[in-house]
Amino acid sequence: MRNKQIELLVGVFIVFGFAGLAYLAIQVSGLAFADKQDSYQVVARFDDIGGLTPRAKVAVAGVTIGSVESITFDKELYMALVTMNIDQDIDNLPIDSTASILTSGLLGEKYIGLSIGAEDTFLASGDEVYDTQSALVLENLISQFLFNSTTGDGE
Amino acid sequence: MKRISKLGGSVFDWLEAVGRAGLLLSQSVFHLPRSIAGALSLLGKQIYSVGYLSLIIVVVSGLFIGMVLSLQGYSILVKFGSEQSVGQLVALTLLRELGPVVTALLFAGRACSALTAEIGLMKATEQLSSLEMMGVDPYRRIIAPRFIAGLICLPILSVIFSAVGIIGGEFVAVDWLGIHDGSFWSLMQQSVVFGNDVVNGIIKSFCFAIAVTWIAVYQGYECTPTSEGIGKATTTTVVLGSLSVLALDFILTAAMFGDF
């Protein structure tokens, strides 16, 4: 009888452990096992990704429709090659859409915003978004502003 | 001259102690049990006393540490207007550092001290020698189930600690301080990588488990068989165990997250 009770409590303990692990996997790290199947991949090349990270969101009109899968360096063109996963449901993105790297809030995280184009053909798996806009780098902005203001004074 | 020989002698003593600890580990763990069912039943009893009985203290302290982290993080982050990322802060701190380390410290105090005292008392009352007289190997019968139970229980306990801590943090941040729960979870999910943060935390706590349980069984087995000796061995277990956890934590963190 006593032995059975111990076995039961050890079972409870181990089940608790696995429940905790499942919680950490699904709720905390957002692992979704069926995610990969119902999305397609699109690539884009940027001059400067300015702090974009993998798993950042991809949004149209502010609504998340996918995430950044990977960021690699394109050796031939000296540009950043960003691979995005986009939900399968969103299959009507025009091929001339623009991808730009935006910031949510003043100091928030970077994400990719897609502006919709006008073509009738749609992006499919493996396509490239050619029209891209790099991240705003604060230092460049400031130096541009300083340069403009000094030349303005000279005139 | 005498001092130098004393110094050399203490180095040799230390090396012998390390050697005995290694032999203890290899003789108890790297032997196959005679019967699987008997070994499992011994192991089950130890998992009960080492793991299940530590559950309460781990759950309660995890809950409070998560709540405190959330409150402190909020009070600092609100100055920068980024109080939504408090979930990210709580989850990463718990998974990478506090979960494994605090659980190992609690485990050293709660379970390992008991292990040392138990084995030490067995030695003092000559139960270990009687086992040997009966032809039962005390390494296999006494040391091995306790050591393996520690290795199994500490990672499970630290996973439970982190999960409960995050629930406590969510309770404070979302229900009490009024952070929007969508941004709380989404920022957390964006920053936590399962293969990196969760798995590394489990690897860490497994390493801590080896260190503290090894120290506990060694101290119990090697203690002076008197009441004073048992008390001293128990203290040494907690002190050495805690220090080795903290030192190991620095090394493991540098190896896992230090590649900037």
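Two residues are in contact if their C-beta atoms, placed from the backbone, lie within 7 Å. The legends below describe a predicted model.

**View 1. The contact between chain A and chain B.** In this model, chain B contributes 23 residues to the contact, and chain A contributes 19 residues. On the side of chain B that touches chain A, two or more residues come from each of α2 (36-50), α6 (138-176), α7 and α8 (194-222) of chain B. The most is given by α6(B), with 6 residues. By residue class, the side of chain B that touches chain A holds 15 nonpolar, 6 polar and 2 charged residues.

**View 2. Strands β5 and β6 of chain A.** Strand β5 (residues 98-103) of chain A runs antiparallel to strand β6 (residues 110-115) of chain A, and 6 bridges join them. A:Thr103 has A:Lys110 in β6(A) as its bridge partner.

**View 3. Strands β5 and β8 of chain A.** The pairing of β5(A) with strand β8 (residues 131-133) of chain A is parallel and spans 3 bridges. Opposite A:Ala99 stands A:Thr132 in β8(A).

**View 4. Confidence along chain B.** Chain B has a mean pLDDT of 89, with 99% of its residues at 70 or more. Within chain B, helix α3 (residues 55-77) has the highest confidence, at a mean of 93. The lowest is in helix α7 (residues 181-191) of chain B, at a mean of 80; α7 of chain B is also one of the elements that give two or more residues to the side touching chain A. For the model, ipTM is 0.76 and pTM is 0.75.

Terms used:
Residues numbered from 1 in each chain as written. Chains lettered and ligands numbered in written order. Predicted model: local features only at pLDDT ≥ 70, side-chain atom pairs only at ≥ 80, totals over all residues. pLDDT = per-residue confidence, 0-100. Helix = DSSP H or I, 4+ residues; strand = E, 2+ residues; numbered from the N terminus. Nonpolar A, V, L, I, M, F, W, Y, C, P; charged D, E, K, R; others polar. Pairing = 2+ DSSP bridges.
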